[in-house]
Every structure is written in structure tokens, then in C-alpha cells.
Amino acid sequence: MNGIAAPIVAIEPAAAPDFLDGRRSVSVVMVVYMTGTALEESVDRVLKDPLIDEFVIVDNGSSGADAAGLRALADRDSRVVLLSGHGNIGFARGANLGARTATGDILVFLNPDAFLQPRCIAELVREIEGRPVPCIVGGRVLNADLTEQRGARRGDITLMAAILSLSRLAEKVPAWRRYEVHWEGEPAPEQVAAVPTISGACFCMRREDFDRLQGFDEKYFLHVEDVDLCWRVRQLGGRVLFHPKAEVIHLGHTSLASPLRVEFHKGVGLARYFRKRAVGVSQQLIAWLLSPVVVGAAVARPMMWRFRGRAG
């Protein structure tokens with residue numbers, strides 16, 4: 001154990017509630033790529049949860065030590081299925097590969113730098129049953145200080161909403177506040193609530209729903225595939241739900257990959273998503289014309305972070 005999350009991760013595993021006796025089987029799918037020191041703690045949390053029947057780890061690329069540790073883990077724990085040797089195929093393809101390999105009736109997708117809290121899996125599994133088809137239930141994603149993380153629950157991410165939200169105009173101009181896509185500043189609901197978009201850091205779907213949507217769109221390499229999945233669920237008349245009691249702590253920014261590269265892929269994903277959603281010639285033309293702007297704005301973010309760090 002590296003101890004990175006010792007102050008913020010619950011020590012005791014969650015007990016299996018009686019209401020989940022006779023439940024459908026649960027598989028956790030985790031895509032790993034140069035995660036860093038958070039990986040061991042995240043994996044440990046998964047294996048301590050008694051409701052998890054199978055743990056599929058898709059290794060898109062790890063350091064030598066981490067790769068060896070994952071192989072050893074798969075050798076000693078029959079619940080662990082390790083998929084490796086395929087190279088960095090991107091998150092969407094990796095997650096789909098893990099889902100196809102998994103045998104569980106309910107699929108839980110979890111980031112490798114996210115730490116399950118007690119009852120998180122139990123709440124997700126209980127809530128998904130009996131819901132409209134298709135359905136996604138996302139957990140409440142927290143920062144290390146237990147504040148709700150940006151992006152844990154969001155509005156409908158349209159091109160206009162993204163521009164006004166990122167520029168802070170939606171925050172500053174009262175008439176445009178309806179375009180604000182980040183809702184973490186709003187009080188958390190007491191019960192499960194429908195939202196347009198949840199975070200891909202921790203969510204669950206029934207296998208039949210995931211298969212009906214044909215999984216993640218593999219044309220996204222990294223980021224935005226979760227936004228796209230939520231949108232497609234709503235397009236089919238399904239529900240996207242935010243569960244305030246299914247908590248997970250997500251460190252974020254733990255990957256050893258270059259922040260510039262990560263933000264580039266995020267920008268490319270957003271640009272593709274806006275083009276995909278565009279209806280009619282005029283919207284498609286605008287989406288194509290603004291694609292370089294979207295990518296450029298995303299790439300500028302890590303450069304600004306570096307500049308502000310130096311300035312500080």
C-alpha cells in the first residue's frame with residue numbers, strides 16, 4: 001500500500017446489505033494507463049468490496065513495476081481478469097474491451113485514481129434496477145477535501161453552453177445562467193436525481209443497456225466519451241441519474257502522461273461531440289468552423305496552468 005489516500009479512504013469494507021441478496025452479478029471495469037501511485041490504493045478498495053464479483057483491468061500501458069504488480073494480482077485473485085499487451089488503444093476502446101470480457105450483469109466503470117467509499121457499489125446496484133431503459137447511474141465524485149468535484153453532475157453540454165460556461169459568461173451574466181453546465185456549486189439533492197450528464201469517473205449500467213448503445217463511441221480517444229454516452233442514453237428516452245449517496249473520491253491529474261497531450265485529446269473529443277450533435281447544415285458548418293478554436297482552447301489550459309504556477 002502506498003498510503004496516498006490513507007486520510008481520505010475508508011478503512012472498513014462495506015458490508016453486503018440484505019436487500020441485495022439474490023442480486024445480479026457485478027463486474028467493475030477499470031482502464032489503466034500510466035496511473036501512478038494512486039493505482040494500488042484504488043485497486044485495493046475494489047477488492048475489499050464484497051459486492052464485486054469480478055474486476056476486469058484493462059492495462060493500456062503501465063510502468064514496469066505497476067504491470068508486474070497487476071500480473072501478480074491476477075495470479076493470486078480469481079476475481080481479477082487482466083487484459084494487457086494491446087498497447088494504448090484509448091479509453092473508449094479499452095472500456096469496451098473490458099465490458100465485452102466481463103461476465104457481470106451490471107457493469108461499473110471506475111477510474112484508476114478513484115477510491116470507492118462504503119456503500120458506493122451497493123447504492124449504485126440498488127438504484128439501477130427497475131429504472132427505465134436505458135439508464136446510467138453516476139456516483140457523487142468528491143475531491144480529496146470531500147467537496148464535490150467539478151464535472152460530477154453537469155447540464156446539457158451544447159456548443160453554446162460550453163462557450164458561455166468556459167468563458168465564465170454564464171456565471172457573470174444573469175440572463176445566461178441557464179447555460180452553466182457545471183452544477184457542483186449547487187446544493188446536492190437529498191435523493192437520486194435526473195441530470196443531463198454525470199462523470200465517467202464512477203458509474204454503472206446494466207449490461208443490456210450498455211450493449212444496446214453499443215458501448216462507448218470508440219472514435220473518442222480520451223475524454224468526452226462519457227458525455228457522449230449520457231447524451232445517447234437521453235436520445236433513446238432513457239435516464240441519466242446522479243446518486244448523492246454513492247460516493248467516490250477522485251484524485252484526478254495523477255496520470256504520468258503529459259497534461260498537454262491529455263488536454264489535446266479532450267479538445268479533439270469536444271470538437272467531435274459538437275459536430276456529432278449538430279443538426280442541419282448551419283449547425284454543422286458552425287461546429288466545423290469552431291473545431292480548431294475548441295481544440296486550441298483546450299491545449300491552452302495546461303500552458304496557462306504552467307504560466308500561473310511560475311507567476312505564483
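**Ala193.** I started at Ala193 and found it in strand 8, residues 193-194. Strands here are DSSP E runs of at least two residues, helices are H or I runs of at least four, and both are numbered from the N terminus. The model is predicted, so I kept its limits in mind: local features need pLDDT of at least 70, side-chain atom pairs count only at pLDDT 80 or more, and totals for chains, interfaces and linings use all residues. Residues are numbered from 1 along each chain as its sequence is written, and side-chain values use heavy atoms, without hydrogens and water.

The cut-offs are under 20% for buried and over 50% for exposed, with partly exposed in between (1.4 Å probe, protein chains only). Leaving aside neighbours within four places in sequence, I listed Val240, Leu241 and Phe242 as contacts of Ala193. Contact means heavy atoms within 4.5 Å. I also checked Pro244, 51 residues away along the chain: its C-alpha lies 8.3 Å from that of Ala193.

**Val227.** Next I went to helix 8, residues 225-235, which holds Val227. Val227 counts as buried because its relative accessibility is 5%. Beyond four places in sequence, Val227 is in contact with Arg154, Ile157, Thr197 and Tyr273. Arg154 is 73 residues from Val227 along the chain, with 9.4 Å between the C-alpha atoms.

**Helix 1.** Why is helix 1 largely enclosed by the rest of the structure? I found 9 of its 10 residues (38-47) buried, so the rest of the structure largely encloses it. Glu41, Asp44 and Arg45 are among the buried residues. The cover includes strand 1 (26-33), strand 2 (54-61) and helix 2 (64-76).

**Cores.** I then looked up the nonpolar cores, which are sets of buried Ala, Val, Leu, Ile, Met, Phe, Trp, Tyr and Cys residues joined through side-chain atoms within 4.5 Å. The largest has 36 residues, and Met30, Val46, Phe55, Leu110, Leu116 and Ile121 have the most contacts inside it. Helix 4 (residues 120-128) gives this core its largest share, 6 residues. A second, separate core of 25 residues includes Val29, Ala102, Ile198 and Leu229.

I followed Leu116 further. Outside four places in sequence, its contacts include Arg45, Val46, Ile52 and Cys202.

**Whole chain.** I noted 10 helices and 11 strands. Of the 312 residues, 51% are buried. Among contacts with a separation of 6 or more, 83% join residues 24 or more positions apart.
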